[in-house]
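Welcome! Please take a look at the sequence and the 3D structure below, and then read on for a guided tour.

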Amino acid sequence: MNVHATKPPLTIRLCEPRGFCAGVDRAIQIVVLALKKYGAPVYVRHEIVHNKFVVEALRERGAVFVKELGDIPAEHVDRPVVFSAHGVPKSVPADAEARNLLYLDATCPLVSKVHKQAMRHQRLGRHVLLVGHAGHPEVIGTMGQLPEGAVTLVETVEQVADLTVPDEDKLGFVTQTTLSVDDTADVIAALQARFPALTAPSSESICYATTNRQEAVKKAAPGTEVFLIVGAPNSSNSMRLVEVAKRHGARDSMLVQRAADIDWRRIGDAATIGMSAGASAPEIVVEEIIDALRERRNVTVDIALTAEENELFPVMRSLRDTPLTGQDMAFLNGSSS
């Protein structure tokens, strides 16, 4: 007897690439290797990446997450502290040095590149327009590279008409790395129309991992009844994937952190669904959700493939501040060893 005969068929268009990007992988490894070298506890300022599963896995290993450096107990000032992949304002390492803390900078090198682009604009006498989302850690970190008032945040096309800048002939822009490619293009076009002398950064600010994941979702979305994005609600790149899926043909799209979060009513009797994962979502959670779907349906998985990630950019291979050797990611792939 065919055990699948009673289960309705379901095709999953599984996007590739998906999940961990090189910057997230690197940041997690820095925490893991710090725990290996220094032992627990290792402090981490803010979430190392925006994913609850990853944070809890690291916490079980001995990582302690704090909001600010002042939250580290006085008796633990000899313990290392790691800065998250999203980057930090210049004031944070300065504070760490004032407190005599050993700090490890896990800032994604592509975020650091945006910092350098912003500083170059300022060095050349330009006021910086930053396209991004207010309150996001990456935006706070980028704005914190320059003196107060040197950067103006732009979130939407609608804001462009009312912008006030010091000198319309001396402007440069950068963007948050995890934005919607299409939305950002619209904002930049509006800025360039309003300020013809606006200078672009020397290279693209939105990271290639964000771009490739969005392109894969665009390819997979047409004709899908539901599109599942594995990620966290405070993950900008994950939320953008939800929007991209809906905009490019999915009838419905939803963010799912774990299998337990699936809204089965919205999936209903869908015959074809899409699936991807934000850049801070581990593959084990993707597999968990596919297994949950298999329990209810006779699942066929089709891979929706888009451009490769070019291995890793040379800037990723350099691993700027903390050389890493080997892999110690088994605990995020289901191993308890």
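## The overall picture

The protein chain has twelve helices and twelve strands; both are DSSP runs, numbered from the N terminus, with helices (H or I) of at least four residues and strands (E) of at least two. This is a predicted model, in which local features need pLDDT of at least 70 and side-chain atom pairs count only at pLDDT 80 or more, while totals for chains, interfaces and linings use all residues. Residues are numbered from 1 along each chain as its sequence is written, and side-chain values use heavy atoms, with hydrogens and water left out.

How much of the chain is buried? Of its 337 residues, 53% count as buried. Here buried means under 20% relative accessible area, exposed means over 50%, and partly exposed is in between, with a 1.4 Å probe and protein chains only. Among contacts with a separation of 6 or more, 78% are between residues 24 or more positions apart; a contact means heavy atoms within 4.5 Å.

## Confidence along the chain

The predictor's confidence in each residue is its pLDDT, on a scale from 0 to 100. The protein chain averages a pLDDT of 89, and 89% of the residues score at least 70.

One stretch to read with this in mind is residues 309-337, where pLDDT stays under 50. For this stretch the model has 59 contacts beyond four places in sequence.

## Around strand S4

Which rings form an aromatic pair here? Rings of Phe, Tyr and Trp (its six-membered ring) pair if their centres lie within 6.5 Å; planes under 30 degrees apart count as stacked, over 60 as edge-to-face and the rest as tilted. By this rule the count comes to one aromatic pair. Its rings belong to Phe83 and Tyr103, and the pair is stacked because the centres are 5.1 Å apart and the planes are at 20°. The pair links distant parts of the chain, with Phe83 in strand S4 and Tyr103 in strand S5 (residues 103-105), 20 residues apart. Phe83 is buried, with a relative accessible area of 1%, whereas Tyr103 is partly exposed at 27%.

Ser84 lies in the loop between strand S4 (81-83) and helix H3 (91-98). Is Ser84 buried or exposed? Ser84 counts as buried because its relative accessibility is 4%. Beyond its neighbours within four places in sequence, Ser84 is in contact with Arg45, Glu47, Ile48, Ala106 and Thr107. Its C-alpha atom is also 6.6 Å from that of Val49, a residue 35 positions away along the chain.

Rolling a probe the size of a water molecule over the atoms shows where empty space is left. On a 1 Å grid over the protein atoms alone, a cavity is a set of points where a 1.4 Å probe fits but cannot get out, and lining residues have an atom within 4 Å of a point. Grid points are joined across faces, edges and corners, and a volume is the space filled by probe spheres set on the points. By this rule the count comes to one cavity of 30 Å³ or more.

The largest cavity has a volume of about 290 Å³. It is lined by 25 residues, of which Cys21, Val24, Thr177, Thr178 and Asn237 are the closest to its centre. Helix H1 (22-38), helix H4 (109-123), helix H8 (208-220) and helix H9 (236-247) each give two or more residues to this lining. Helix H1 also holds Arg26, which counts as buried at 2% relative accessibility. The C-alpha atoms of Arg26 and Pro109 are 9.6 Å apart, although 83 residues separate the two along the chain.

## Backbone details

Most residues other than glycine have a negative phi, and most peptide bonds are trans. The peptide bond from Glu16 to Pro17 is cis, with omega near 5°, and Pro17 is in the loop between strand S1 (9-16) and H1. Another cis peptide bond joins Ala40 and Pro41, with omega about 0°; Pro41 lies in the loop between H1 and strand S2 (42-45).

His46 has a positive phi, near 65°, and is found in the loop between S2 and helix H2 (52-61). With a relative accessible area of 31%, His46 is partly exposed. Asn100 also has a positive phi, near 60°, in the loop between H3 and S5. Asn100 is exposed, with a relative accessible area of 67%.

Methods
1 Å grid on protein atoms, 1.4 Å probe; cavity = no way out; pocket = protein on both sides within 12 Å on 5 of 7 lines; lining within 4 Å.
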